[in-house]
Amino acid sequence: ALQRGSEAQLQKEQSVERVLSDLQQQYVEKLRNLNEQRSSLEAKLKQAITERDYSLSIQGDPGQKHLQEMLAAKTDHDRIVSSLNDQVSALRLQNATLEERNRHL
């Protein structure tokens with residue numbers, strides 16, 4: 001009975017080892033497949049980025065173009081505001097001068 005018990009235990013352990021071995025093989029295979037998929041996706045991503053960069057270099061990035069237009073408009077606006085401020089300062093000075101003359105009259 002003791003021998004039969006140890007044989008049953010041995011068969012059970014061998015069965016468990018087979019199941020573990022099968023699971024390990026499945027895991028390794030799935031891991032290999034996932035790595036292949038990842039490599040394929042990385043290659044596709046690099047290709048898409050390269051194509052996008054090439055396309056943008058040909059047509060110009062609309063976002064970049066818009067940004068440049070906005071910057072140019074802001075520069076124009078700033079220049080106009082500065083010019084108007086200069087004119088206001090000159091008019092204030094002229095007004096102060098005229099007020100000073102009026103006091104002396």
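What is the accessible surface of the protein chain, and what percentage of it belongs to carbon and sulfur atoms? The accessible surface comes to about 10000 Å², and 56% of this area belongs to carbon and sulfur atoms. Accessible areas come from the Shrake-Rupley method with a 1.4 Å probe, and for residues only the protein chains shown count as cover.

The structure is a predicted model, in which local features need pLDDT of at least 70 and side-chain atom pairs count only at pLDDT 80 or more, while totals for chains, interfaces and linings use all residues. Residues are numbered from 1 along each chain as its sequence is written, and side-chain values use heavy atoms, with hydrogens and water left out.

The overall form may be considered next. The protein chain has two helices and zero strands; helices (H or I, at least four residues) and strands (E, at least two) are DSSP runs, numbered from the N terminus. Helix 1 comprises residues 2-59, and helix 2 comprises residues 62-104. Along its principal axes, the C-alpha trace spans about 135 × 40 × 10 Å. The radius of gyration of the protein chain is 41 Å, whereas a compact globule of 105 residues would have a value near 13 Å. This radius is taken over C-alpha atoms, and the globule rule is 2.2 Å times the number of residues to the power 0.38.

Glu13, a residue of helix 1, and Asn85 are 72 residues apart in sequence and 92 Å apart in space, C-alpha to C-alpha. Arg38 also lies in helix 1; Arg38 and Val28 are 10 residues apart in sequence, with 15 Å between their C-alpha atoms. In helix 2 is Asp78, whose C-alpha atom is separated by 41 Å from that of Leu105, 27 residues away along the chain.

Burial is described by relative accessible area: buried means under 20%, exposed over 50%, and partly exposed in between (1.4 Å probe, protein chains only). Of the 105 residues of the protein chain, 0% count as buried. Glu13 is partly exposed, at 41%, and Arg38 counts as partly exposed at 46%. Asp78 likewise counts as partly exposed, at 37% relative accessibility.

Which residues make a nonpolar surface patch of about 360 Å²? Val16, Val19, Leu20 and Leu23 make this patch. Val16 is found in helix 1 and is partly exposed, with a relative accessible area of 45%. Patches are made of residues with over 30% relative accessible area and no salt bridge; like charges are joined within 9 Å, and nonpolar side chains (Val, Leu, Ile, Met, Phe, Trp, Tyr) within 5 Å.

The charged groups form a further topic. The protein chain has 15 positive and 16 negative charges, and their mean positions are 2 Å apart. In this count, Lys and Arg are positive and Asp and Glu are negative, while His and the chain ends are not counted. The place of a charge is taken as NZ of Lys, CZ of Arg, CG of Asp or CD of Glu.

How many salt bridges does a search of the whole structure find? The search finds five, a salt bridge being a side-chain nitrogen of Lys or Arg within 4 Å of a carboxyl oxygen of Asp or Glu. One of these joins Glu29 and Arg32, with the closest N and O atoms 2.6 Å apart. Because Glu29 and Arg32 are three residues apart in helix 1, about one helical turn separates them. Glu29 is partly exposed at 37% relative accessibility, and Arg32 is partly exposed at 41%.

Asp76 forms a salt bridge with Arg79, with the closest N and O atoms 3.1 Å apart. Asp76 and Arg79 are three residues apart in helix 2, so about one helical turn lies between them. Asp76 is partly exposed, with a relative accessible area of 36%, whereas Arg79 is exposed at 53%. The side chains of Glu100 and Arg103 also meet in a salt bridge, at 3.0 Å from N to O. Glu100 and Arg103 are likewise three residues apart in helix 2, and are therefore separated by about one helical turn. Glu100 is partly exposed at 37%, while Arg103 is exposed, with a relative accessible area of 60%.
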